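Me: Please examine the model shown below and answer a series of questions on its fold, its cavities and selected residues.

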Amino acid sequence: MKKIHVKTGVPYDICIERGLLPRCGELIGEITSSRHTVIVTDDRVNKLYTATVRKSLEQSGFTVDVFVFPNGEMSKCHPTLIALYSFLSEKQITRKDMLIALGGGVVGDLAGFAAATYLRGIDFVQIPTTLLAQIDSSVGGKTGVDIESGKNLVGAFHQPRLVLCDPDTLATLTPEIRNDGVAEAIKYGAIKSRSLFDKLAQRPLEEVLDEVIYECIDIKRRVVEEDEFDNGERMLLNFGHTLGHAVEKIFNYTTYTHGQGVAVGMYIITELSERYGLTKPGEAEQIKRVLERYSLPTDSGSTATELITNSLNDKKRSKGDIHIILIKEIGQGYIQKLTLDQYKQFIQGVYTCE
Ligand SMILES: NC(=O)c1ccc[n+]([C@@H]2O[C@H](COP(=O)([O-])OP(=O)(O)OC[C@H]3O[C@@H](n4cnc5c(N)ncnc54)[C@H](O)[C@@H]3O)[C@@H](O)[C@H]2O)c1
Ligand SMILES: [Zn+2]
């Protein structure tokens, strides 16, 4: 079994191995003295994986309750959260007990936030079942829910006690949901690892999937360890995201998935920065080619004005300045601070470097 140790305020292990799901009870049993747990999952994942997880937990002596909600981003909101709090209270969950987030990023963010807040904080374990959740959302301790004025606007930093990553679970993903995760993997390659990028560009995904998962998690670990509370280096992980969020928003979150938005964002920002001489020539084209390999878009047909307007209330913005993430070349991301005017010029294609 591969293990990645994350040295955040509260340190924890990420275990990566095929066939981990049927053994999860044993591993979770080692990190808690409680024998009562609640699995939080969505209806789709529930049908596929809850029975396996439950059986393994029961074999390790756990009493298991299961909270299921409808799959999709729409559920990552206060009504689901409040229903979950009531469920925890009804099942007499105490501060010593543990939640298990079984599912994609929606489940992880919601269950994680419930764990961060219920009884002022209880432990939770992540069992991520989408590629995006395995390489991104389950690592780093950001939890939260959406409110009407924006996604992820209410949340907390709360690190899991353990992350169990079983690549076997990815076999049931639709190609679209899988490729959403690939967009984030391409992002890690673009900002931190030329060799990871090349793997994704050249090798069949099935052959390299396990290595890709490991490498992505390890990159995120490094970045998170340096900047647990997202004040500096961690911003690098937003490569493609400022414009990506704008693209998702312009189409009311109905046309482009998150990964597709990020794909468009990575290509546009790199194509622009190449024009200004801030990125080595030819890198945007390479990003385009790898995205196309996974049926990810590189253009949404949005105008510069639409992109600017819809990216400006991005919560990553600090006061008047905007931090955008660029790459010097593939594998070398950096943070570029721009004034609001410079940002507008940048996206309009008329920026002049000082
Ligand atoms: N906390 C963080 O640091 C962080 C980082 C990135 C994204 N996120 C959040 O993650 C969410 C997106 O995550 P996601 O893409 O995993 O979405 P998701 O949880 O909605 O999962 C996508 C779909 O896949 C289904 N699914 C999950 N596992 C499956 C499996 N093994 N087989 C078949 N179907 C399966 C789900 O039921 C759902 O319909 C967003 O809410 C985003 O804000 C959080
Ligand atoms: Zn993302």
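Reply: Helices, of at least four residues, and strands, of at least two, are DSSP runs numbered from the N terminus. The model is a predicted one.

Me: Is Arg 120 buried or exposed, and what is its phi?

Reply: Exposed means over 50% relative accessible area. Arg 120 has 77% relative accessibility, so it counts as exposed. Most residues other than glycine have a negative phi. Arg 120 is not a glycine, although its phi is positive, at about 60 degrees.

Me: Where does Asp 230 lie, and is it buried or exposed?

Reply: Asp 230 lies in the loop between helix 8 (205-226) and helix 9, and has a positive phi of about 60 degrees although it is not a glycine. The cut-off for buried is under 20% relative accessible area. Asp 230 has a relative accessible area of 19%, so it is buried.

Me: Which residues does Thr 41 touch, not counting those up to four places away in sequence?

Reply: Thr 41 has its place in strand 3, residues 36-42. With 0% relative accessibility, Thr 41 counts as buried. Beyond four places away in sequence, Thr 41 touches Asn 46, Thr 50, Val 66, Phe 67, Val 68, Phe 69, Leu 102 and Val 107.

Me: How many cavities of 30 Å³ or more does the structure hold, and how much space lies in the largest?

Reply: The structure holds 2 cavities of 30 Å³ or more. The space in the largest cavity is about 80 Å³.

Me: Which element gives the largest share of the lining of the largest cavity?

Reply: The lining includes His 241, Thr 242 and Leu 243. Elements that give two or more residues to this lining are helix 9 (241-250), helix 10 (258-275), strand 10 (322-329) and helix 13 (340-348). By class, the lining has 7 nonpolar, 5 polar and no charged residues. The largest share, 3 residues, comes from helix 9.

Me: What radius of gyration does the protein have, and how does the value relate to that of a compact globule?

Reply: The protein has 13 helices and 11 strands, and buried residues make up 57% of its 354 residues. A compact globule with 354 residues would have a radius of gyration near 20 Å. The value for the protein agrees with this, at 20 Å.

Notes:
Residues numbered from 1 in each chain as written. Chains lettered and ligands numbered in written order. Predicted model: local features only at pLDDT ≥ 70, side-chain atom pairs only at ≥ 80, totals over all residues. Heavy atoms only, no water. 1 Å grid on protein atoms, 1.4 Å probe; cavity = no way out; pocket = protein on both sides within 12 Å on 5 of 7 lines; lining within 4 Å. Points joined across faces, edges and corners; volume = space filled by probe spheres on them. Nonpolar A, V, L, I, M, F, W, Y, C, P; charged D, E, K, R; others polar. Rg over C-alpha atoms; globule rule 2.2 N^0.38 Å. Buried < 20%, exposed > 50% of the residue type's maximum accessible area, 1.4 Å probe, protein only. Contact = heavy atoms within 4.5 Å.
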